[in-house]
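Hello,

Here is the structure we talked about handing over. Please have a look at it first; my notes follow below.

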Amino acid sequence: MLSNYFTASQTDSVREFIQTAQHIVIVTHMSPDGDAMGSSLGMRHYLKHIGKTSITNIVPNSFPSFLAWMPDADKVIIYDEHQAEADAILSTCDLLICTDFNEPKRIGALGDKIQNLACPKILIDHHLHPANFADITLSFPSSPSASELVYRLVYAIETTISSNKSASSIFSLEAAQCLYTGMMTDTGNFSFNSNHAEMYEIIGQLVALGVDKDAIYNAVFNAYSADRMRLMGYCLYQKMRIFPEHHVALICLSRKELYRFNFKSGDAEGIVNLPLQINDVYYSVFMREDKIETHEREKANGAKSKIKLSFRSQGDRPVNVFASEVFSGGGHANAAGGEYYGTLPDAIQLFLDNYELYCKKI
Ligand code: 5GP
Ligand code: MN
């Protein structure tokens with residue numbers, strides 16, 4: 001039996017919003033990862049399962065090709081490629097469900113749009129400090145994934161309607177596959193943030209529903225292009241700097257280097273984790289030079305590049321404070337991100353000026 005994270009009033013309100021809604025839109029964060037796609041598509045498949053017919057998933061920008069196999073991924077609207085179509089759908093939406101992000105800024109240009117919508121909004125998330133923009137905020141930062149929260153919410157809703165319902169009647173195989181993917185990716189295939197007994201209870205249910213976890217592992221983690229594999233090798237061989245006193249590794253890639261390896265969305269995913277495999281490296285930072293999108297021009301304030309940063313750490317060594325105080329970002333204690341508008345050398349200098357303060361020698 002799973003413990004219930006939600007109050008009766010939260011579960012009832014979500015159920016009522018869903019029951020009355022005709023046109024539901026589900027959105028998730030920029031540069032969608034496995035948990036973003038898993039939680040938002042998992043919610044879609046639940047809504048389909050209970051007979052909802054107008055459900056639209058919108059993501060701010062494209063998702064990596066290793067997630068394209070996910071059921072209904074081909075139905076997802078990519079906002080920065082199909083803005084007019086998405087805006088038309090948003091204008092008639094009567095329920096908005098947001099998963100896996102804590103503030104409108106994390107969904108780029110879509111953020112302003114959703115804040116101006118008059119319909120009810122539900123936020124299901126596991127990042128710290130959620131902004132107050134939804135009517136119902138279900139925020140559980142101690143949960144390893146938003147996908148697990150979607151499972152728990154759906155389970156709570158359905159077992160409140162009828163207490164003897166089993167997971168096999170509540171979730172379709174498609175929903176189970178999506179939710180499993182998010183749980184797997186946000187824990188690095190159950191290698192961090194993964195000491196939660198109930199998480200394995202849920203996984204047991206998902207496997208019983210028919211999820212082939214080995215096949216999903218293969219589809220997600222063994223799907224690199226040759227270019228991406230070579231980029232990884234280049235990063236480790238030529239680009240990785242180690243600061244042994246503070247147990248820190250840094251990898252930085254310019255736009256020119258990305259171009260050389262025929263960079264595609266998602267190709268940098270996971271590179272930041274690699275240095276943590278080195279004995280005595282407990283902190284890892286990865287920087288990538290990106291182009292500035294139209295909606296970011298104002299924020300960029302004349303800068304020609306945006307540097308996207310990823311931070312990872314092990315154990316009791318939070319990196320989200322470094323990400324938020326120095327690089328306008330945030331995230332979880334062991335996995336955070338940030339951004340910097342300016343040149344790559346300037347971003348590197350900012351890192352060099354600060355890592356000793358934020359990356360403790362322990
Ligand atoms: P990644 O390094 O995989 O892009 O992001 C790791 C985690 O850091 C994400 O799950 C998200 O919580 C957080 N994150 C990444 N980029 C940003 C950012 O620009 N701002 C904030 N607030 N959080 C971020
Ligand atoms: Mn997540």
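**Two aspartates with positive phi**

Asp280 sits in the loop between helix H11 (255–260) and strand S9 (283–290). Please keep in mind that this is a predicted model. The phi of Asp280 is near 75°, a positive value in a residue that is not glycine. Its relative accessibility is 41%, so Asp280 counts as partly exposed.

Asp100 is the other case to look at. Its phi is also positive, about 65°, and Asp100 is not a glycine either. Asp100 belongs to the loop between strand S4 (95–99) and helix H4 (110–115). Is Asp100 buried or exposed? Asp100 has a relative accessible area of 2%, so it is buried.

**Overall fold**

The protein chain holds 14 helices and 12 strands. Along the principal axes, the C-alpha atoms fill a box of roughly 55 × 45 × 35 Å. Buried residues make up 53% of the 362.

Now the contacts. Take those between residues at least 6 apart in sequence: 68% of them join residues at least 24 apart.

**Surface and charge**

**Aromatic pairs**

How many aromatic pairs does a search of the whole structure find? The search finds 19. One of them is Tyr151 with Phe171, a stacked pair at 4.4 Å centre to centre, with 10° between the planes. This pair links distant parts of the chain, 20 residues apart. Tyr151 is in helix H5 (residues 146–161), and Phe171 is in the loop between helix H6 (167–170) and helix H7 (173–185). Both residues, Tyr151 and Phe171, are buried.

Tyr180 and Phe190 make a tilted pair, because their ring centres are 5.9 Å apart and their planes stand at 45°. Tyr180 lies in helix H7 and Phe190 in the loop between H7 and helix H8 (197–208), so the pair ties together parts that are 10 residues apart in sequence. Tyr180 is buried at 0% relative accessibility. Phe190 has 19%, and the cut-off for buried is under 20%, so Phe190 counts as buried as well.

Finally, one aromatic cluster is formed by Phe243, Phe311, Phe322, Phe327, Tyr340, Phe351, Tyr355 and Tyr358.

Best regards

Definitions and conventions
Residues are numbered from 1 along each chain as its sequence is written. Chains are lettered from A and ligands numbered from 1 in the order in which they are written. This is a predicted model: local features need pLDDT of at least 70, side-chain atom pairs count only at pLDDT 80 or more; totals for chains, interfaces and linings use all residues. Side-chain values use heavy atoms; hydrogens and water are left out. Helices (H or I, at least four residues) and strands (E, at least two) are DSSP runs, numbered from the N terminus. Buried means under 20% relative accessible area, exposed over 50%, partly exposed in between (1.4 Å probe, protein chains only). Contact means heavy atoms within 4.5 Å. Rings of Phe, Tyr and Trp (its six-membered ring) pair if their centres lie within 6.5 Å; planes under 30 degrees apart count as stacked, over 60 as edge-to-face and the rest as tilted.
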